[in-house]
Amino acid sequence: MKSNLLMNFTVDKENSTVKVKREFNASLDNVWSAWTEPEILDQWWAPAPWKAKTKSMEFKKGGRRLYAMVGPQGEEHWAIADFTSITPKSNFKYLDAFSDSEGNLNKDFPRSDWNVNFSEQGDSTIVDIAIKHENLSDLEKIIEMGFKEGFTIAMEGLDEIFATRAK
Amino acid sequence: MMKRDIFQAIADPTRRAILVLVATNALTPNAIADQFNTTRQAVSKHIKILNECELLEEKKVGREIYYQLKIDKMKEIDKWLAQFKEIWESRFNQLDQVLMNLKSKENEI
């Protein structure tokens, strides 16, 4: 089942926001569960070969999810999500942060503000995510370069140069 | 000194132009500066930043220094950019699978 599911990845530089939109071939109920129940969330949140491991999760306004991204060598990167707003089967918002295994915030990294929207569209469900950063740091610089248009083209040009040189 | 941010280095249009110049030819700082309407000082500052980011390869020929693009580093950036999107794609492909499993469980009941 490899269909043409919609996926958008854009960056709104003015608002320091990364936007990701994806369509899922599933009911709103199931998609909502997959995003909000730790046992299901852990099955997909970490991109392979990493695995997500939720230590605790209280899915309610003011509640927190404490979880680790576990690497192939067993290395753990802990993070938290503090839920700031929940509208069942429609939207939830949270502030993320890096932390230790006890949930003590790592203040060296800024937090970002996640807004996750769910909507039904026929047989499928659209998830629309906006991740607002305090400042885009690295990411912003990429956008300044006109990542999509300019830089991709520049890179293609460089690829050609690399290819010629390699000969 | 904090290690320079590579993406900060290539955020500046003059620095990007310098990279494009030295991608094809090894050039001296003077030859690079000739291509721009800014002062030599300004250009040499840009070169310094790019060099600190290890984006340039330095070659000494006699008394002249030539700069050339360090290819490996640029490929690294390219990869890094693609990773953003890939992380999400990989995540979502896994979620597709999870959702399919949920659906088949529903059908069993």
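The term pLDDT stands for the predictor's confidence in each residue, on a scale from 0 to 100. The structure above is a predicted model, in which local features need a pLDDT of at least 70 and side-chain atom pairs count only at pLDDT 80 or more, while totals for chains, interfaces and linings use all residues. Residues are numbered from 1 along each chain as its sequence is written, and chains are lettered from A and ligands numbered from 1 in the order in which they are written.

Chain A has a mean pLDDT of 78, with 74% of its residues at 70 or more, and chain B averages 81, with 78% of the residues scoring at least 70. For the complex, the predictor gives an ipTM of 0.74 and a pTM of 0.62.

Chain A contains four helices and eight strands, where helices (H or I, at least four residues) and strands (E, at least two) are DSSP runs numbered from the N terminus. Starting at the N terminus, the elements of chain A follow one another as β-β-α-α-β-β-β-β-β-β-α-α. Among these elements, strand β3 of chain A, residues 51–57, has the highest mean pLDDT, at 95, whereas helix α4 of chain A, residues 147–166, has the lowest, at 40. Over residues 140–167 of chain A the pLDDT stays under 50, and for this stretch the model has 26 contacts beyond four places in sequence; two residues are in contact if their C-beta atoms, placed from the backbone, lie within 7 Å. Where pLDDT is low, the predicted coordinates should not be read in detail.

Of the 167 residues of chain A, 20% count as buried. A residue is buried if 20 or more other C-beta atoms lie within 10 Å of its own, exposed if 12 or fewer do, and partly exposed in between, with the C-beta atoms placed from the backbone. Among the contacts in chain A with a separation of 6 or more, 31% join residues 24 or more positions apart.

Helix α1 of chain A, residues 28–36, shows how burial can be arranged around a helix, for Asn30(A), Val31(A) and Ala34(A) are buried there. These residues cover an arc of only 100° around the axis, which puts them on the same side of α1(A); the arc is that of the directions from the helix axis to the C-beta atoms. As background, an α-helix has 3.6 residues a turn, so residues three or four places apart point the same way.

In the loop between α1 and α2 (38–44) of chain A lies Glu37(A), which is partly exposed, with 14 other C-beta atoms within 10 Å. Although Glu37(A) and Phe59(A) are 22 residues apart in sequence, their C-alpha atoms are 8.1 Å apart in space.

Leaving aside residues up to four places away in sequence, Ile86(A) touches Lys60(A), Lys61(A) and Phe92(A). The C-alpha atoms of Ile86(A) and Lys60(A) are separated by 6.6 Å, while the two residues are 26 residues apart along the chain. The loop between β5 (76–87) and β6 (91–98) of chain A holds Lys89(A), a residue other than glycine whose phi is positive, near 55°. Lys89(A) has 15 C-beta neighbours inside 10 Å and therefore counts as partly exposed.

Chain B has five helices and two strands, and along the sequence these follow the pattern α-α-α-α-β-β-α. Buried residues make up 22% of its 109 residues, and 52% of the contacts in chain B with a separation of 6 or more are between residues 24 or more positions apart.

Within chain B, the axes of helix α2 (residues 13–24) and helix α4 (residues 40–52) come within 10 Å and cross at roughly 70°. On the α2(B) side, Thr14(B), Arg15(B), Ile18(B) and Leu19(B) meet His46(B), Ile47(B), Ile49(B) and Leu50(B) of α4(B).

Glu54(B), in the loop between α4 and β1 (56–61) of chain B, is another residue other than glycine with a positive phi, here near 60°. Glu54(B) is partly exposed, with 15 other C-beta atoms within 10 Å.

Notes. Axes fitted to C-alpha atoms, helices over the stretch in contact; angles between N-to-C directions.
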